[in-house]
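This report examines how the parts of one protein chain are arranged and which contacts hold between them. Please look at the sequence and the structure before reading on.

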Amino acid sequence: VGSVFHFTIVAPVREDRAGEAKQVGMAEALRGLRVLIADSNLSSQRILAAWLQRRAMVPVTVTTGAQVQSLLDSEAHFDIAFVDADFPGTDGPTLVQYIRTRTPAPARSI
């Protein structure tokens, strides 16, 4: 709790075309995924949502735990959730546990 990590990975560049095919396959696997962004920082929300939209995913942004609860109560489902660890009104891990109890198992894996 409260730790910050930084690391660097050194890896060789792949020269064959298989790597490109794998990237294209991953992009297709991500297309249409619904992504919950639970963050009180509006700038962070906008940046992440724009990045996800460019990859054909469907971001849904919320700033409060009540909004998360309302979405899940309306039977909305999410394939991925980005949750701020310092989410207002509750902590991130507690909110993640709540999301897990209200979300069915994913229909597909990536």
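## Helix 3 and helix 4

In this predicted model, the axes of helix 3 and helix 4 are 10 Å apart, and the two helices pack at an angle of about 5°. Helix 3 is therefore roughly parallel to helix 4, since angles under 35 degrees are counted in that way.

Helix 3 contributes Val-68, Gln-69, Leu-72 and Asp-73 to the contact, while helix 4 contributes Leu-95, Tyr-98, Ile-99 and Arg-102. Sorted by class, the residues of this contact are five nonpolar, one polar and two charged.

## The two faces of helix 4

Which residues of helix 4 are buried? Helix 4 spans residues 92–102, and its buried residues are Gly-92, Leu-95 and Ile-99. When the helix is viewed down its axis, these buried residues fall within an arc of 65°, so they line one face of helix 4.

## Salt bridges

How many salt bridges does the structure hold? There are two salt bridges in the structure. As a general point, side chains of opposite charge can pair when their charged atoms come close.

Another salt bridge is formed by Arg-31 with Glu-28, with 3.2 Å between the closest N and O atoms. Arg-31 has a relative accessible area of 45% and is partly exposed; Glu-28 has a value of 44% and is likewise partly exposed.

## The chain as a whole

The chain contains four helices and three strands. From the N terminus on, these elements follow the order α-β-α-β-α-β-α.

The chain has 110 residues, of which 21% count as buried. Among the contacts in the chain with a separation of 6 or more, 63% are between residues 24 or more positions apart.

Where does Ala-56 lie? Ala-56 is found in the loop between helix 2 (42–54) and strand 2 (58–62). The phi angle of Ala-56 is near 65°, which is a positive value in a residue other than glycine. At 27% relative accessibility, Ala-56 is partly exposed.

Ala-27 has its place in helix 1, which covers residues 18–30. Ala-27 is partly exposed, at 38% relative accessibility. Ala-27 and Met-57 are 30 residues apart along the chain, and their C-alpha atoms are separated by 9.6 Å.

Terms used: Residues numbered from 1 in each chain as written. Predicted model: local features only at pLDDT ≥ 70, side-chain atom pairs only at ≥ 80, totals over all residues. Heavy atoms only, no water. Buried < 20%, exposed > 50% of the residue type's maximum accessible area, 1.4 Å probe, protein only. Arc of directions from axis to C-beta. Salt bridge = Lys/Arg side-chain N within 4 Å of Asp/Glu carboxyl O. Axes fitted to C-alpha atoms, helices over the stretch in contact; angles between N-to-C directions. Parallel < 35°, antiparallel > 145°, perpendicular 65-115°, else oblique. Contact = heavy atoms within 4.5 Å. Nonpolar A, V, L, I, M, F, W, Y, C, P; charged D, E, K, R; others polar.
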